[in-house]
Amino acid sequence: PAAAELWAAVQFDPGPDSLTPGERAAHRRELIELARRFTPRVSFEPPDALLFELAGSCRLFGGLRSLLQQLRAVFPLPFAVALAPLPLAALVFARAGRARCLTNAARLSSRLAPLPVALLRWPDDELQRLRSMGVGTFGELLRLPREGLARRLGPARLDELDRLMGRRADPRVSVPAEERFTARVDPGFETTDTERLLGALAPALESLE
């Protein structure tokens, strides 16, 4: 069954430590523009992933199979790409390196069960605490009593698991598109007079302002 939303996660290499913040930002902008070929609903998951919602794009791109082919053409290997009805689930699959397209939320638990909890990137001390309890996979984690989990790790982790499983909304803020202005001015005369040229450009400059 088609999900109300279908989120794609693209995991990418953030680059070597020698990159400057400006170079990293430029690389990220390039990837965001690639994602915007499919949808304006693109968000950045620091430091190395993009999330974008595709349910409304399937018909535009000729169906899910065609959409997946075009998505892989734009983000070829070594990008890790995964799709799921929930953004955090798609992100976990992409981090696992699973080229997975899951459209049925009812199958989410079974698909997550064998994967390591470390894919959530929780602090090492929290992961160690879970390992001391014999918990290393999502299947083992999701079987724990909610009250005990909240007591051991805090309500924020329980909230994150609820967002992962779709029990709680997980809104994502889209990266705003860069504002651009384009206008063509044809004054109908030749001139070397700066003032006359500025007069012809004035309406376009007012629109830009």
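What radius of gyration would a compact globule of 209 residues have, and what does the protein chain have? The globule would come in near 17 Å, but the protein chain has 23 Å. That radius is taken over C-alpha atoms, and the globule rule is 2.2 Å times the number of residues to the power 0.38. Along its principal axes, the C-alpha trace spans about 80 × 40 × 30 Å.

Before going on, keep in mind that this is a predicted model, where local features need pLDDT of at least 70, side-chain atom pairs count only at pLDDT 80 or more, and totals for chains, interfaces and linings use all residues. Residues are numbered from 1 along each chain as its sequence is written, and side-chain values use heavy atoms, with hydrogens and water left out.

Now for the parts. The protein chain has nine helices and four strands (DSSP runs: H or I of at least four residues for helices, E of at least two for strands, numbered from the N terminus). Follow the sequence and you get β-α-β-β-α-β-α-α-α-α-α-α-α. Of the 209 residues, 37% count as buried, meaning under 20% relative accessible area with a 1.4 Å probe, protein chains only.

Let's zoom in on one helix pair. Two packed helices are described by the angle between their axes and the distance between the axes. Helix H7 (residues 146–153) packs against helix H8 (residues 155–165) at about 130°, with axes 6 Å apart. Here axes are lines fitted to C-alpha atoms over the stretch in contact, and angles run from 0 to 180 degrees between N-to-C directions. That makes H7 oblique to H8, since angles under 35 degrees count as roughly parallel, over 145 as roughly antiparallel, 65 to 115 as roughly perpendicular and the rest as oblique.

How values were computed. Buried means under 20% relative accessible area, exposed over 50%, partly exposed in between (1.4 Å probe, protein chains only).
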